[in-house]
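Please keep the structure open while reading.

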Amino acid sequence: MRRASALFTCLALCATLLSGCGPRAQSSTIFAMDTVMELTAYGDRRCVDEAVELIHALEERLSVTAPESEIYALNKDGRGDVSGDTAALLSRALELCALTDGALDITVYPVLRAWGFTTGEYRVPEEDELAELSRLVDYTAVEIDECTVSLPRGVMLDLGAVAKGWAGDAVAALWREAGVKSGLLSLGGNIQTVGAKPDGSKWRIGIRDPFSEETLGAVEVSDMAVVTSGGYQRYFEEDGVTYCHIIDPQTGRPARSGLASVTVIGPEGVVCDGLSTAIFVLGLDAGARLWRASEGYELVLVTDGGEIYITCGIENTFTPMGPYIDSEIQVIRRG
Ligand code: AMP
Ligand code: MG
């Protein structure tokens with residue numbers, strides 16, 4: 001009897017010691033910014049709850065369709081004051097528009113709306129309607145003076161290409177400040193990692209195959225965002241033609257650059273998010289040129305033909321998987 005109770009005490013002690021080995025995973029799954037999001041932090045439950053609140057607050061400010069949002073008010077009135085955080089995001093997004101020479105253009109909204117991508121009431125607009133609306137697409141026309149934003153008549157903003165990346169950065173900053181050493185955010189096609197895994201090893205992030213539900217490969221990262229843009233994420237079909245939600249601002253039509261998906265890996269979610277959308281528009285050659293001309297991020301590009309191109313910085317950390325396990329991976333180099 002005494003031996004049994006000693007054994008029980010010993011087991012209980014072991015369990016206590018083990019549970020004290022590291023912080024427990026705290027998770028939430030929410031629907032926000034038009035997508036399912038999963039937040040996991042190893043630490044205090046409060047960190048996850050505060051992150052959920054933060055994401056909802058950002059969504060309320062940035063949504064293009066919610067009448068109480070700052071962006072909605074700007075689009076309606078053409079001029080107004082926004083919060084410091086929204087002004088900071090707008091400035092950051094405009095820098096990315098300039099860096100990508102307008103392949104990313106946050107004023108694409110009038111065109112996007114004509115295709116029905118914001119409402120789900122899809123249609124193929126007429127040529128002259130597109131020509132008319134395309135004249136309103138010009139990120140250089142957006143003026144920001146501290147927190148006051150002015151848009152010329154008819155110009156409208158949509159931060160859909162960068163908002164999730166910005167939200168990921170905001171949550172990562174919140175968690176780092178709260179002392180979270182290990183966290184993982186999955187915001188639709190956006191992954192954001194905080195620190196490394198609880199055991200100290202890197203996170204292994206799967207990248208989705210744009211042609212199936214499978215994973216095409218994985219990258220090992222810590223403290224990085226891994227953001228994918230792909231035509232498969234939102235599209236409609238009409239008369240046998242597929243139209244995707246990423247618009248080429250030069251044509252006013254869904255981008256057809258020969259890429260099926262673009263993944264950008266880097267320390268800042270907002271940069272990765274803006275660049276993944278832009279490089280999807282630019283295509284393989286112009287995307288590789290942009291990568292060579294800038295720095296601080298790596299790429300995984302999948303062509304419409306199913307070829308994979310990666311940039312040389314992830315040559316040793318990218319592993320092809322599933323249907324691509326024996327594929328030849330092309331490496332884009334700086335020189
Ligand atoms: P992402 O999923 O990050 O690639 O962003 C796609 C979203 O950004 C779309 O659903 C639109 O709301 C918006 N968008 C589409 N094309 C562009 C573009 N060329 N520049 C900026 N935003 C765009
Ligand atoms: Mg994006």
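## What covers helix H2

In this predicted model, the buried residues of helix H2 are covered by elements that include strands E1 (25-32), E2 (35-42) and E6 (182-187). Helices H3 (70-77), H4 (84-99) and H7 (163-177) are also among the covering elements.

Helix H2 runs over residues 45-62 and has 18 residues. From its first C-alpha to its last it reaches 26 Å, close to the 26 Å expected at 1.5 Å a residue. Its buried residues are Cys-47, Val-48, Ala-51, Val-52, Ile-55, Leu-58 and Leu-62. Seen down the axis of H2, these residues fall within an arc of 140°, so they line one face of the helix. The face turned away from the buried side carries the exposed residues Arg-46, Glu-53 and Glu-60.

Asp-273 and Thr-277 both belong to helix H8 (residues 269-282), where they are four residues apart, about one turn of the helix. An α-helix has 3.6 residues a turn, so residues three or four places apart point the same way. Both Asp-273 and Thr-277 are buried.

## Ligand 1

Ligand 1 is surrounded by 16 residues, and the closest are Asp-158, Ser-229, Ile-247, Asp-273 and Thr-277. A backbone N or O atom of Ile-247 is 2.8 Å from a nitrogen atom of ligand 1. A polar backbone atom of Asp-105 lies 3.0 Å from a nitrogen atom of ligand 1, while one of Ala-161 lies 3.2 Å from an oxygen atom of ligand 1.

Methods:
Residues are numbered from 1 along each chain as its sequence is written. Chains are lettered from A and ligands numbered from 1 in the order in which they are written. This is a predicted model: local features need pLDDT of at least 70, side-chain atom pairs count only at pLDDT 80 or more; totals for chains, interfaces and linings use all residues. Side-chain values use heavy atoms; hydrogens and water are left out. Helices (H or I, at least four residues) and strands (E, at least two) are DSSP runs, numbered from the N terminus. Buried means under 20% relative accessible area, exposed over 50%, partly exposed in between (1.4 Å probe, protein chains only). The expected span of a helix is 1.5 Å times one less than its number of residues. The arc is that of the directions from the helix axis to the C-beta atoms. Contact means heavy atoms within 4.5 Å. A residue is near a molecule or strand if one of its heavy atoms lies within 4 Å of it. A polar contact is a pair of N or O atoms within 3.5 Å; within protein, one must be able to donate a hydrogen and the other to accept it, and residues adjacent in sequence count only if both atoms are side-chain atoms.
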